[in-house]
Amino acid sequence: MSKDITARPESNLSRLWHKWRFHLNILMVLIPLGFMPKYFADTALFRGDDGLGQRLVGDVQVGPWSLKLAELKDKEPELDGVSGYMKSFNAELCEACGERVKATYLRIGKPRSLRAAGVIFFGSPHRLGAYIQIPPNTPADAQLWITMEGWDGSMHQAAIPLAQASPKTVEWLGRQVKK
């Protein structure tokens, strides 16, 4: 019998790989499972199964209409590239408002006109969303203005203090002034 003299002996690394590769594959399956609870919680929040957001601001009366307002995430504003610091709010129109309201806008500071009403809420009347820019030089006593435009051409506005709508944002603004 001839012996193959070209075969090299198996290295320690090769032996280790063959012995533990099954365990590494199991680990590759288990690591993502650890992130699943957060994934399902975020998915339920974005779908609306957990309500409008992490922090419900409350009912806001805007002329003859009303809406429920909530912060999507109870966090400080997040830096979004060149757009600056952004904050997400969700809203739900009252049952009677859904067919009578044409558009709903959100803005920091009183709008000068309907053309400067702010960012428009998008989505269905039961789950509206708006992504608003928060300038770092915003005063801590600023107000969040909600403008609602009806199909009949009427326009109604209401303001709530930013401290009531988003306390974490006001804390963040206080730290921005010190910088």
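C94 and C97 form a disulfide (a pair of cysteine sulfur atoms within 2.5 Å), with their sulfur atoms 1.9 Å apart. The model is predicted: local features need pLDDT of at least 70, side-chain atom pairs count only at pLDDT 80 or more, and totals for chains, interfaces and linings use all residues. Residues are numbered from 1 along each chain as its sequence is written, and side-chain values use heavy atoms, with hydrogens and water left out.

**Disulfide**
- The whole structure holds 1 disulfide.
- The torsion about the S-S bond of C94 and C97 is about 75 degrees, so the disulfide is right-handed.
- C94 is partly exposed, at a relative accessible area of 24%, whereas C97 is buried, at 0%. (Buried means under 20% relative accessible area, exposed over 50%, and partly exposed in between, with a 1.4 Å probe and protein chains only.)

**Aromatic pairs**
- A search of the whole structure gives 2 aromatic pairs (rings of Phe, Tyr and Trp, for Trp the six-membered ring, with centres within 6.5 Å; planes under 30 degrees apart count as stacked, over 60 as edge-to-face and the rest as tilted).
- One of them joins Y85 and W172: the ring centres are 4.7 Å apart and the planes are at 55 degrees, so the pair is tilted.
- Y85 is partly exposed, with a relative accessible area of 24%, while W172 is buried at 4%.

**Domains**
- The domain assignment, automatic or from a database, gives domain 1 (11-50) and domain 2 (55-177).
- The centres of domain 1 and domain 2, taken over C-alpha atoms, are 39 Å apart.
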